[in-house]
Amino acid sequence: MDTDDNSSGTITGSDLGQRYRHAGDLTGEAPTRPRANIWCSKKYFAEISITVPWGHISGKWYGPQNVQPILGLHGWQDNAGTFDRLMPLLSPDVAFLAIDLPGHGLSSRLPDGCYYNSVDNLYVIRLIMKQYKWEKVSLVGHSMSSIICFVFAAVFPDKVDMIIGIDALKPHQRPYPSVIRTMETRLDEFLREDERNRSKNEPPSYTYDELIERVYIGTFHSVNKEHCKHLMARNIGKSEKYPDKYFFCRDRRLKFYNYAIGSQELCVEMANRITCPYLFIKAAQSSYFEDKKYYDEVLDVLLKKPNFEYLEVNGSHHVHMNDPEAIIAPVNNFIQRFGPAAAAASRQKAKEAKESKL
Amino acid sequence: MHKRLQYEEVMIPAPWGHIAGRWYGNRADRPILAIHGWLDNLGTFDRLIPLLPDYIGVLCIDLPGHGRSSRLPPGVPYNVYDYVFIIPRVMKEFGWSKVSLMGHSLGGVMSFMYAAMAPSTVDMIISLDVLLPRRIEDPSKLTKDIEGYLLEERRQADGTEHEPPSFTLSKLRETLARNSNNSVPQHLADHMLHRQVAKSNMYPEKVFFSRDGRVKFYHIFDIENGLALEMARRIEKKPYLVIKGSLSPFVGPRCNETMSILSHDNPNFEFYEVEGGKHHVHLHAAEECARYIVPFIRNHRPPRSSKL
């Protein structure tokens with residue numbers, strides 16, 4: 001793992017898709033914090049690059065670097081910037097690593113010709129755990145990644161300390177005709193976009209304000225306009241043709257993400273298998289993304305678990321960006337009780353108790 | 001006695017390397033695209049192809065990670081959904097606007113999925129001992145597959161990939177017969193082995209499996225019953241031939257409703273069961289399968305029916 005302390009304006013790669021501006025340039029965030037200052041304030045972060053077989057996973061490491069961080073995962077077509085406004089509110093002793101999933105933000109795209117599947121993010125989490133030699137992981141996920149956290153906790157129940165999911169609970173069940181229509185569209189367009197990806201032509205570029213507007217519309221006004229810059233910082237490149245313009249540099253193939261993970265029966269079975277402490281936060285003004293009966297069926301299973309906590313808050317789908325204050329108290333409380341430090345302490349205690357019996 | 005057929009080895013470019021294939025017979029007209037099953041390769045069709053009408057070509061391909069096709073890049077898991085995209089990739093390479101599909105097992109599932117996604121581009125489907133994939137009912141299947149995949153990927157990255165465990169050819173024949181529940185009997189095993197073994201550098205008398213070890217841990221596309229029915233509705237009235245081995249469980253009760261939709265008011269749907277047939281029914285009972293396949297092809301792809 002490399003910790004990149006360079007806060008210069010641009011990271012230049014061999015092609016347009018790899019040319020990004022540093023987050024600090026556009027968000028007003030402080031530059032990358034010095035490595036030596038381990039216990040510094042949450043407003044500082046270190047840029048992290050984790051080697052994976054197809055390139056690297058980029059991330060922002062907030063807080064102390066001598067403890068295991070919570071792993072933060074963003075939603076579809078977002079990036080690590082999704083947690084920018086939540087980070088300064090976390091307890092100062094908590095470490096948090098917000099990553100860009102493959103093809104998003106500053107992370108490498110999947111190789112040409114390859115397809116993005118939601119289920120592959122389970123591999124990504126395991127790769128990161130192996131890189132850092134974590135036995136267990138604490139996860140915070142928003143939207144698509146909240147679903148990934150749910151699935152990961154069911155598939156690897158012995159490898160999770162805690163999960164916090166924000167505003168999407170489980171793999172969505174969509175009407176069958178619409179599932180097939182989506183598959184048909186992807187079939188037509190994926191190969192075309194995959195080819196366009198490889199073209200050396202610069203994508204369409206826009207002024208900064210136009211990009212803000214596009215992000216705002218793209219999230220269906222879920223992110224307040226003044227906070228869109230946090231999602232944009234890791235998502236745009238500077239145009240070479242037009243000095244005052246920028247373009248989106250996320251992978252075009254992300255539009256054709258395959259969300260399918262399994263049936264409703266499988267979701268219920270997954271819910272039954274989750275054993276870790278689990279906080280789920282539902283934004284009241286956000287959709288369920290599926291017929292609510294499917295959501296309710298899984299929620300009913302989870303609510304019977306002693307360490308499942310459910311919180312409904314006023315806000316849109318990106319409530320953690322627009323109004324982080326609304327969720328920070330329960331989040332901090334939950335992390336304090338079940339996060340990496342608490343989990344490590346309880347494991348140590350159990351180990352000592354076992355040894356004292358011997 | 002099987003006649004020997006002329007074929008040409010083909011390599012279809014893909015961004016991660018190439019898709020290897022064999023084009024048997026007629027190169028002037030659009031061929032049937034034949035797709036093998038999981039962990040197999042195009043050798044699966046060796047005994048069937050000489051029995052098919054000689055006016056129509058057959059292009060058999062090795063799926064990525066199988067046979068002589070390139071492996072997917074490091075870190076990219078194998079997934080049935082992604083495999084379906086191989087079909088339009090091949091079509092694009094040869095400029096076909098339509099495709100005739102013949103698939104065994106995984107290849108048959110891919111054919112069903114593709115036909116549901118793009119029904120207007122498919123003119124016939126031959127499905128050998130399969131219709132729908134098995135269901136994913138247990139999350140621990142995912143656990144095993146992900147961990148197995150990562151372990152194999154680590155093994156390959158460590159450089160030990162250069163020489164996986166090696167065996168004598170007769171031992172591999174034996175293993176293949178045993179692991180397939182004798183669906184690929186020892187005396188036919190070479191059809192499956194000739195494209196997926198390599199000679200050991202360490203032990204001159206031995207060979208090893210050269211396919212990508214990661215394909216064992218591929219991700220199934222879970223087609224629940226309601227989705228299967230909706231897919232079948234999109235395909236309806238297409239020429240569709242399903243052949244089942246009577247001793248094989250792969251075309252079971254779960255397929256009944258889907259088949260009734262495919263066959264409803266469809267004179268072009270045919271279903272046959274080969275007595276004593278196992279999962280590789282087209283390999284060990286090629287003549288019986290040909291008895292049904294040949295008239296089906298003659299009916300739905302008569303001579304000179306479609307140009308490239």
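How many residue pairs are in polar contact between chain B and chain A, counting pairs with both at pLDDT 80 or more? The count is nine. Keep in mind that this is a predicted model.

**Chain B against chain A**

- Chain B puts 42 residues into the contact, and chain A puts in 43.
- About 3700 Å² is buried between the two chains, with carbon and sulfur atoms giving 69% of that area.
- Five salt bridges turn up across this interface; one of them pairs Arg273(A) with Asp138(B) at 2.8 Å, N to O.
- By class, the chain B side splits into 24 nonpolar, six polar and 12 charged residues.

**Domain 1 against domain 2 in chain B**

- Domain 1 covers 7–138 + 218–300, while domain 2 is 158–216.
- Their C-alpha centres sit 24 Å apart.
- Here 33 residues of domain 1 touch 18 residues of domain 2, and the buried area is about 2100 Å², 48% of it from carbon and sulfur atoms.
- The domain interface has two salt bridges. Asp62(B) and Arg195(B) form a salt bridge, their closest N and O atoms 2.8 Å apart.
- Strand E2 (17–24) and helix H9 (281–284) of chain B each give two or more residues to the domain 1 side, with E2(B) supplying the largest share, three residues.
- That domain 1 side has 13 nonpolar, 11 polar and nine charged residues.

Notes
Residues are numbered from 1 along each chain as its sequence is written. Chains are lettered from A and ligands numbered from 1 in the order in which they are written. This is a predicted model: local features need pLDDT of at least 70, side-chain atom pairs count only at pLDDT 80 or more; totals for chains, interfaces and linings use all residues. Side-chain values use heavy atoms; hydrogens and water are left out. Contact means heavy atoms within 4.5 Å. Buried area is the accessible area (1.4 Å probe) that two parts lose on being put together, summed over both. A salt bridge is a side-chain nitrogen of Lys or Arg within 4 Å of a carboxyl oxygen of Asp or Glu. A polar contact is a pair of N or O atoms within 3.5 Å; within protein, one must be able to donate a hydrogen and the other to accept it, and residues adjacent in sequence count only if both atoms are side-chain atoms. Ala, Val, Leu, Ile, Met, Phe, Trp, Tyr, Cys and Pro count as nonpolar, Asp, Glu, Lys and Arg as charged, and the others, Gly among them, as polar. Domain bounds come from an automatic or database domain assignment. Helices (H or I, at least four residues) and strands (E, at least two) are DSSP runs, numbered from the N terminus.
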